Amino acid sequence: MSFQKFELHEKILTGVRMLGYQKPTPIQLQAIPPVMEGRDLMGLAQTGTGKTAAFVLPILQRLMEKPLGRIRALIIAPTRELSEQTNEAIGQLGRKTKLRSAAIYGGVSIHNQINRLRGNVEIISACPGRLLDHIERGTIDLSHVEVLVLDEADHMFDMGFLPDVRKIVKHLPQKRQTLLFSATMPDDVRSLAMDLLQSPVNIQIGHTAPVMTVEHRFYPVQMGIKTALLKDILEKTEMESVLVFTRTKSRAKSLAMQLDRSGHKVISLHGNLTQQKRKQALDGFRDGRYEIMVATDIAARGIDVTRISHVINYDMPSTADAYTHRIGRTGRAAKTGDAFTFVTGDDLALAHSLKRMLGEKLQYQNVAGLTSEIKTGSSKKSATDMKSDNRRNSFARPTQTRRKPKQRSFENANRSSWSQRAQSAA
Ligand code: ADP
Ligand code: MG
């Protein structure tokens, strides 16, 4: 079916056409009708499958129906880059609508934002910290918000964000529509998420496992050999655009410098950069000036650069869900992609659970002289052995089981009671 069937305003359909969308993706098909009816919704669908338009289109439709000039929709996202990207998507889909949106995030002048907010804006795409700043200064009026969206919703309930999100929600009208979107929703935050919703529609497209258009390869390697292995792979593999993830900001910076010295067109993206530098990095990576971006987990969620052909986990992510999001930067919009992950002896537990999750989609890879043998108890196995013997006994350490969901509510969840889950070093 086409977008016509949603009975969106002609001006919105023009925006859809101008982006070249032919037909709705599965999450758009299932989410747009109930959202247009005003229902609360939890929408889970794999990375790169069009969740943004699934909430932006109904928001545009709703806002076109009534007078302008007040903030009536608020979208909250974990990173500045994602807030900016969503703001741009609103601008593109809504280009004929006369609706106005603004991105609100830290690291840039608050005064420019205050001026922008004075100029009658209907949609805000924000990061929690700066949004709270505006709330506390009284420079934003959220009392007319009709729709709240938490994008990357499970992450917005992490201990780093939850207190801020809770404060923000207190400043919104109780009577509103609330929409949560993500590719992952761990059991231990699901109940928190549900607390925020009233008689919601639950949509889940596919599994929350990584998107199926990606091939996965694991390289067993020692820490000290990783850079040599990465250079070898970059030399020998045909790649369009490569996103490399490191665990820390300093490693992102130093690795990018090393690759630069080897003649690669490379840039780094991490939280120690000024916002101007962060923007330059992502813009340069988007437009192809840089073939490689070395980033921390600030680039793990939401970022849509369709030309990324390879994601390389120089350092293993902290959880299987974090893996899903990082890998989701490739294989977007039904394109294919490759995901390479460097696995050291410390990473075996997670490597094992990922292998169980991915099955044949994941292969171990051997590179002569660079990859290592994985020690399991007294026996040793080479990468080639592991390929044919990727069972539990290849991995000495047991996989951590996911904690049982606890009875926590959105109102009373306590910072210190949170698990160690996925606090990014971004
Ligand atoms: P998600 O939030 O699910 O990770 P995005 O909303 O970022 O995915 O969309 C991924 C890519 O797919 C974007 O480049 C977007 O423009 C594109 N896209 C979204 N909807 C459609 C569609 N119906 N047809 C074609 N491309 C689409
Ligand atoms: Mg998204």
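Strand β9 (residues 242–245) and strand β12 (residues 310–313) run parallel, joined by four bridges. That pair sits within an open sheet of seven strands, ordered β10-β11-β9-β12-β13-β8-β14 and paired in parallel. Keep in mind that this is a predicted model. The chain has 426 residues, 47% of them buried, and it folds into 15 helices and 16 strands. Among contacts with a separation of 6 or more, 77% link residues 24 or more positions apart.

**Helix α13, enclosed**

- Helix α13 (residues 320–327) is largely enclosed by the rest of the structure, because eight of its eight residues are buried.
- By name, those buried residues are A320, D321, A322, Y323, T324, H325, R326 and I327.
- The cover over the buried residues of α13 includes the strands β8, β9, β12 and β13, plus helix α14.

- Strand β5 (residues 147–151) has five of five residues buried, so the rest of the structure largely encloses it.
- Both of its faces are covered: V147, V149 and D151 are buried on one side, L148 and L150 on the other.
- On one pairing, β5 and β2 go together in the parallel sense over four bridges, and I75 stands opposite V149 in β5.
- β5 also runs parallel to strand β6 (residues 177–182), with five bridges joining them. V147 has Q177 as its bridge partner in β6.

**Helix α6**

- In helix α6 (residues 128–137), the buried residues are P128, R130 and L131.
- Covering those residues are, among others, β2 (73–76), β3 (101–104), β4 (123–126) and α8 (162–170).
- Just past the end of α6, G138 takes a positive phi of about 70°.

**Around ligand 1**

- Ligand 1 is surrounded by 17 residues, and the closest are Y21, G50, K51, T52 and A333.
- Helix α3 (residues 51–64) gives the most to this shell, with three residues.
- Sorted by class, the shell holds six nonpolar, eight polar and three charged residues.
- Domain 1 (3–205) and domain 2 (214–388) each supply at least three residues to the shell.

**Q46, a buried loop residue**

- You'll find Q46 in the loop between β1 (41–44) and α3.
- Q46 counts as buried because 25 other C-beta atoms lie within 10 Å, and 20 or more is the cut-off for that.
- Setting aside neighbours within four places in sequence, Q46 is in contact with A183, I205, G206 and V211.
- Q46 and H207 are 161 residues apart in sequence, yet their C-alpha atoms are 7.4 Å apart in space.

- N120 is not a glycine, but its phi is positive at about 60°. It belongs to the loop between α5 (110–118) and β4.

Methods. Residues are numbered from 1 along each chain as its sequence is written. Chains are lettered from A and ligands numbered from 1 in the order in which they are written. This is a predicted model: local features need pLDDT of at least 70, side-chain atom pairs count only at pLDDT 80 or more; totals for chains, interfaces and linings use all residues. A residue is buried if 20 or more other C-beta atoms lie within 10 Å of its own, exposed if 12 or fewer, and partly exposed in between; C-beta atoms are placed from the backbone. Helices (H or I, at least four residues) and strands (E, at least two) are DSSP runs, numbered from the N terminus. Two residues are in contact if their C-beta atoms, placed from the backbone, lie within 7 Å. A residue is near a molecule or strand if its C-beta atom, placed from the backbone, lies within 6 Å of it. Ala, Val, Leu, Ile, Met, Phe, Trp, Tyr, Cys and Pro count as nonpolar, Asp, Glu, Lys and Arg as charged, and the others, Gly among them, as polar. Domain bounds come from an automatic or database domain assignment. Two strands pair if DSSP finds at least two bridges between them.
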